[in-house]
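Dear colleague,

I am handing over the structure below, together with notes on what turned up when its atoms were examined. Please read the notes with the model open beside them.

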Amino acid sequence: MSTFNTRCPSCAGVNRVPVERVSESPNCGKCQQPLLDGAPIEGTERNIEALLASDQPVVIDFWAPWCNPCVGFAPVFSDAATERAQNVRFVKINTEIEQNLAAKYQIRSIPTVMVFKNGQRVDVINGALPKGQFDQWLNQAITK
């Protein structure tokens with residue numbers, strides 16, 4: 001059985017999730033809160049393939065902690081994740097830690113946001129947007 005580790009958005013505890021059970025909305029083993037709903041998931045090389053295999057659209061924010069626009073955009077991304085928790089999965093990938101993923105997805109500037117459906121990239125945008133513009137772009141990207 002293949003698994004991946006993900007950090008709980010509520011208590012920050014690390015949980016091992018079987019890939020086969022991602023669609024079952026797993027709960028944290030420590031605090032029993034949902035692992036994959038309501039907050040962006042920490043994307044890694046170990047879990048990205050399982051996350052992209054979701055039936056839901058997946059929105060990935062490629063960012064870095066030293067990037068001021070990335071830090072400023074984080075609340076906008078988190079708000080969108082909370083608002084769309086039932087329909088869309090949100091993932092944040094720290095390009096400083098996950099350099100292989102940044103190379104794989106050819107990240108040249110940050111923040112870069114990509115939307116995937118059925119494992120395929122359907123749209124990408126570079127740069128931080130205000131909430132209204134991000135919502136508008138996201139609505140269009142998800143319907144592609």
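**Aromatic contacts, backbone and pockets**

Phe134 has a relative accessibility of 1% and therefore counts as buried, a class that takes in residues under 20% relative accessible area, with exposed meaning over 50% and partly exposed the range in between, for a 1.4 Å probe and protein chains only. Before going further, please note that this is a predicted model, in which local features need pLDDT of at least 70 and side-chain atom pairs count only at pLDDT 80 or more, whereas totals for chains, interfaces and linings use all residues. Residues are numbered from 1 along each chain as its sequence is written, and side-chain values use heavy atoms, with hydrogens and water left out.

Phe73 is likewise buried, at 1% relative accessible area. Phe73 and Phe134 make an edge-to-face aromatic pair, with 5.1 Å from centre to centre and 85° between the planes; rings of Phe, Tyr and Trp (its six-membered ring) pair if their centres lie within 6.5 Å, and planes under 30 degrees apart count as stacked, over 60 as edge-to-face and the rest as tilted. Because Phe73 lies in helix 2 and Phe134 in helix 4 (residues 131-142), this pair ties together parts that are 61 residues apart in sequence. Helices (H or I, at least four residues) and strands (E, at least two) are DSSP runs, numbered from the N terminus.

Across the whole structure, the search finds 7 aromatic pairs. In the pair of Phe73 and Phe77 the ring centres are 6.1 Å apart and the planes are at 50°, so the pair is tilted. Both residues lie in helix 2 (residues 68-83), 4 residues apart, which is about one turn of the helix, and Phe77 is buried, at 0% relative accessibility. Phe73, Phe77, Phe90, Phe134 and Trp137 form one aromatic cluster.

The backbone also deserves a look. Most residues other than glycine have a negative phi, and most peptide bonds are trans. Ile110 and Pro111, however, are joined by a cis peptide bond with omega of about -5°, and Pro111 sits in the loop between helix 3 (99-104) and strand 6 (112-117). Gln32, in the loop between strand 2 (14-18) and strand 3 (41-42), has a positive phi near 65° and is partly exposed, with a relative accessible area of 48%. Asn118, in the loop between strand 6 and strand 7 (120-126), has a positive phi of about 55° and is exposed, with a relative accessible area of 64%.

Finally, the pockets: on a 1 Å grid over the protein atoms alone, a pocket is an open set of points with protein on both sides within 12 Å along at least five of seven lines, where a 1.4 Å probe fits, and lining residues have an atom within 4 Å of a point. The largest pocket has a volume of about 230 Å³, and of its 15 lining residues Val22, Ser23, Ser54, Asp55 and Arg89 lie nearest its centre. Its lining draws at least three residues from each of domain 1 (1-37) and domain 2 (38-142). The second largest pocket has a volume of about 190 Å³, and among its 15 lining residues Arg7, Ile41, Glu42, Gly43 and Lys92 are the closest to its centre. Strand 5 supplies the largest share of that lining, 3 residues.

Best regards

Technical notes:
Points joined across faces, edges and corners; volume = space filled by probe spheres on them. Domains from an automatic or database assignment.
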